[in-house]
Amino acid sequence: MTALTLPRAAPRRHTVLPGFGLTMGFTLFYLSMVVLLPLVALIVRPWELGWDGFIKAVSEPAVYASLRLSFLTALIAAAVNAVFGLLLAWILVRYRFPGRRLLDAAIDLPFALPTAVAGIAFATLYSPRSGWLGQPLKETFDLIVAFTPSGIVIALVFIGLPFVVRSVQPVLEDLDRDQEEAAATLGARSWQTFLRVIMPALLPAWFTGFALAFARAVGEYGSVIFIAGNRPLYSEIAPLKIIQKLESYDYAGASAIGVTMLGASFLILLAINLAQRWVARR
Amino acid sequence: MTASLIARAAFRTALVLTGVAFVTLVVLLPLATVFEEAFRKGWSYFAEAVSEPDAVASIRLTLIVAAIAVPLNVIFGVAAAWAIAKFEFRGKGVLIALIDLPFSVSPVVSGLIYVLLYGAHGWFGPELQAMGVKVIFSVVGIVLATVFVTFPFVARELIPLMQEQGTQEEEAAITLGASGWRTFFSVTLPNIKWGLLYGVLLCNARAMGEFGAVSVVSGHIRGQTNTMPLHVEILYNDYDIAGAFAVASLLAGLALVTLIAKLGLEWRYGGELAAARKH
């Protein structure tokens, strides 16, 4: 197992510190047992259906619809977070206003609040019959958010918010103000300075935040499941489909969906890496 | 000139108000909903909801699971950080990437992988069944899934911190004749204690609040394999909304305490944390 993916490890020769064998051995053992072996079981499982079976499992209408829904809602939520996350990072770093620290702290709440708690809160908040927001939305605009894909998007916006803010914020803090001042002195308008000087520097962090928010949202379950309504072909998310397959003991089918999602998040992480390298090289 | 200054101030105010409105709508209103709904039927209903036997069993199970999963990941995190930060070897980048892997796996998939190994139709399921060992739909499975989702927290906090601190102090201690364990406990541990606490805090919050992964492996047996988040789900689906929010408010309280402690650590010991510097 340990030889599976890891190159041979050899400690640096000239250190006097002990414990490399022990700590490295334990790390590899624990990593293999907890992470690698189970993931191998996931990756191997769907192929008992064969390639055709795999394709059939993920293109079954309800499964395909759920994958489409999960990816689409995650994409929209990540885009919303990209816009508002950038705005929040900007005001937190550049402006001083009362309650700034509180606002800063509130951004981390989605990391700390258990997803099921957020889930029932959103379902209640947007309930068209009695929710603080759901009822006025229904009565004034005849708009129903709960139990529709738009409800899913709202829950995913909550889940993804910290990723964009916390990716952009430190870069913005470290940004050299000299260039901005130079641009202003040379007669650039503030929007020109923002677009031509600040945004290029923020771009990699901004994209990373967007991609992280997207990757997290694709697989999200707890915060979504209560507000989604879970109607087949309409508001069933991919993770729910996995659970349904498991309940009918269709392990291979469940794994096929799981592998598809895992493959997608792998591609996303790869994209982040490539984008960062591309920016670093310029 | 003054007109442009006023326009600028108005623009700033508009941005700040937009940001505050967004966070209120997306983050603060849901939080307020939790507490409002929890106490909607009054204190006595709340007290009853969190002290009835199934609720108490779920609280107990959540504490037990965290008490096993968190120390396991602390031992792993410290060992991994020691090997990675104090020594040079090939493949370090791959190893760090593998440690981060569970963060990018869907919670439901995190549960699924253990069903594939230990479930009735899993790789080791039939053998385990023959031996009378139950992993899935039992506390063992819940602990395993929790260990998986909280796996990177301690390690990813300690690795950059210990890399930054280097090896000089430890090398001095060893050269002066201290044993490896002694060096770790008297030199390394005091240097990383706040970072370690920070990692434990985040690890614990996630361990107690995990829903998706645990939901897959638990089997939802009331009073036996229901953790607090699962108990919340059951109450909610039974239309006991006030009861569900009562238990949920305990979890929200835990999240708030975690956040406050995290902020406290960042403000007071910011220099001794790895993650806080990034903020």
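The model is predicted. In it, 76 residues of chain A are in contact with 78 residues of chain B. Chain B itself is divided into two parts, domain 1 (1-38) and domain 2 (41-278).

- Helix 1 of chain A (residues 20-44) supplies 14 residues, the largest share of the side of chain A that touches chain B.
- On that side of chain A, 60 residues are nonpolar, 13 are polar and 3 are charged.

**Helix 1 of chain A against helix 3 of chain B**

- Two packed helices are described by the angle between their axes and the distance between the axes.
- For helix 1 of chain A and helix 3 of chain B (residues 53-86), the angle is about 125° and the axes lie 8 Å apart.
- Helix 1 of chain A is therefore oblique to helix 3 of chain B, since an angle counts as roughly perpendicular from 65 to 115 degrees and as roughly antiparallel over 145.
- The crossing of these two helices is left-handed.
- From helix 1 of chain A, the contact is made by Phe20(A), Thr23(A), Met24(A), Phe26(A), Thr27(A) and Tyr30(A).
- From helix 3 of chain B, the residues that take part are Phe76(B), Ala79(B), Ala80(B), Trp82(B) and Ala83(B).
- By class, the residues of this helix contact comprise 9 nonpolar, 2 polar and no charged.

**The two domains of chain B**

- The centres of domain 1 and domain 2 of chain B, taken over C-alpha atoms, are separated by 34 Å.
- Between these domains, 5 residues of domain 1 are in contact with 8 residues of domain 2.
- The side of domain 1 that touches domain 2 has 4 nonpolar residues, no polar residues and 1 charged residue.

**Two residues with positive phi in a loop of chain A**

- Asn230(A) lies in the loop between helix 11 (222-228) and helix 12 (238-247) of chain A.
- Phi of Asn230(A) is near 55°, which is a positive value in a residue other than glycine.
- Asn230(A) is partly exposed because 16 other C-beta atoms lie within 10 Å, whereas a buried residue would have 20 or more and an exposed one 12 or fewer.
- Leu233(A) is also placed in the loop between helix 11 and helix 12 of chain A.
- Although Leu233(A) is not a glycine, its phi is positive, at about 65°.
- Leu233(A) has 11 C-beta neighbours inside 10 Å and therefore counts as exposed.

Notes
Residues are numbered from 1 along each chain as its sequence is written. Chains are lettered from A and ligands numbered from 1 in the order in which they are written. This is a predicted model: local features need pLDDT of at least 70, side-chain atom pairs count only at pLDDT 80 or more; totals for chains, interfaces and linings use all residues. Two residues are in contact if their C-beta atoms, placed from the backbone, lie within 7 Å. Helices (H or I, at least four residues) and strands (E, at least two) are DSSP runs, numbered from the N terminus. Ala, Val, Leu, Ile, Met, Phe, Trp, Tyr, Cys and Pro count as nonpolar, Asp, Glu, Lys and Arg as charged, and the others, Gly among them, as polar. Axes are lines fitted to C-alpha atoms, for helices over the stretch in contact, and angles run from 0 to 180 degrees between N-to-C directions. Angles under 35 degrees count as roughly parallel, over 145 as roughly antiparallel, 65 to 115 as roughly perpendicular and the rest as oblique. A crossing is left-handed if the near helix is turned anticlockwise from the far one by less than a right angle, and right-handed if clockwise. Domain bounds come from an automatic or database domain assignment.
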